[in-house]
Amino acid sequence: MQSITLKISLIYNSMKNPFTSIIAIAFLILLSPTSQAQEKPPEIEIKLARSADEFLILPLKIYRLKAADVPDVDSRQLKDTDIQRILIKVNIVWASAGIYWKLESIENVNAENLSRLKLLGLADAPDTQKKPHLAFRDVIPESTRKDYPGYRVYYIHDFDVNGVYFGRREAMVKETAALRAVEGGIDEPLPRVTSHELGHALGLPHRQDRFNLMASGTTGTLLNTAEIAKAREFATKNPACLKYNDFQMKMALETDPSKKQASMNVMNDINSLAKKPIHPVGSSSKKPEVVSPGETK
Ligand SMILES: [Zn+2]
């Protein structure tokens, strides 16, 4: 019989970096002495989102690739409400880095250059067949790339990886993604895979610690201090990136009522996330509570 005891210790971050406020909680699941040697105890950090004025805002467009006669390409499972839920969780994941992905649009677009996929036998390949993901890049419509400085995520139905970052601020994620669950990991695959690919878009390589956002194929969502610094530096190099205060000033000058409202929603989201515990991102993740500016809580 194995006995399991749970030990929780609170570690307060030394606050060397004034922008980083981290409370690390190490959950040490101590198994019986016989199994302790094989099981590395998991460490799960609980992080706080940054303060609102530290946030960087990056524009993001989401596309569902449509291809009626190519079932592996044709994204058909995700409703707008699913994508909105995914983005709420993506923003909870990225709040520890003070990065907010502003969803600009959700569109269906017809996939292009499908003849090559058909020739390769990938139009409707059985799940057991390998479907090399790089072959899918050509289906991205060129029109969606034009003159857009923000980031783009394309959902397709199925290929041989959960997602891929192609460079040029474009990533592809399969709506049928599946992940290996880890302690403290996120409760559904698509926000994690989307967040992971956006991590590549911000210059982050893989780091195979299973609780980390940049680990391959797990539900981990953590970013370490070096990754946060690198992602933020990368983000600010994009001319489309706006700092919170600049975003606020731009909003004040906005005359289009719908654009103004969209910007206010972003400010409200960021203010709801600010300084709140946001890791781990679990099943309790809900839309950040909307607090109007000026309202104190
Ligand atoms: Zn990756």
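The model is predicted: local features need pLDDT of at least 70, side-chain atom pairs count only at pLDDT 80 or more, and totals for chains, interfaces and linings use all residues. Residues are numbered from 1 along each chain as its sequence is written.

Helices (DSSP runs of H or I, at least four residues) and strands (runs of E, at least two) are numbered from the N terminus. The expected span of a helix is 1.5 Å times one less than its number of residues.

| Helix | Residues in helix | First to last C-alpha | Expected span |
|---|---|---|---|
| α4 | 13 residues | 18 Å | 18 Å |
| α5 | 13 residues | 19 Å | 18 Å |

A residue counts as buried if 20 or more other C-beta atoms lie within 10 Å of its own, as exposed if 12 or fewer do, and as partly exposed in between, with C-beta atoms placed from the backbone. By this count α4 (residues 189-201) is mostly covered, with 12 of its 13 residues buried; among them are R192, H196 and E197. Contact means C-beta atoms, placed from the backbone, within 7 Å. The cover over the buried residues of α4 includes α2 (80-94), β5 (99-110), β6 (151-156), β7 (163-167), β8 (170-174) and α5 (225-237). G203, which follows α4, has a positive phi near 85 degrees.

In α5, the residues E227, I228, A231 and A235 are buried. They lie on the same side of α5 because they cover an arc of only 100 degrees around the axis, the arc being that of the directions from the helix axis to the C-beta atoms. The buried residues of α5 pack against β4 (56-66), β5 and α4. Exposed residues A226, E233 and K237 sit on the face of α5 turned away from its buried side.

How values were computed
Two residues are in contact if their C-beta atoms, placed from the backbone, lie within 7 Å.
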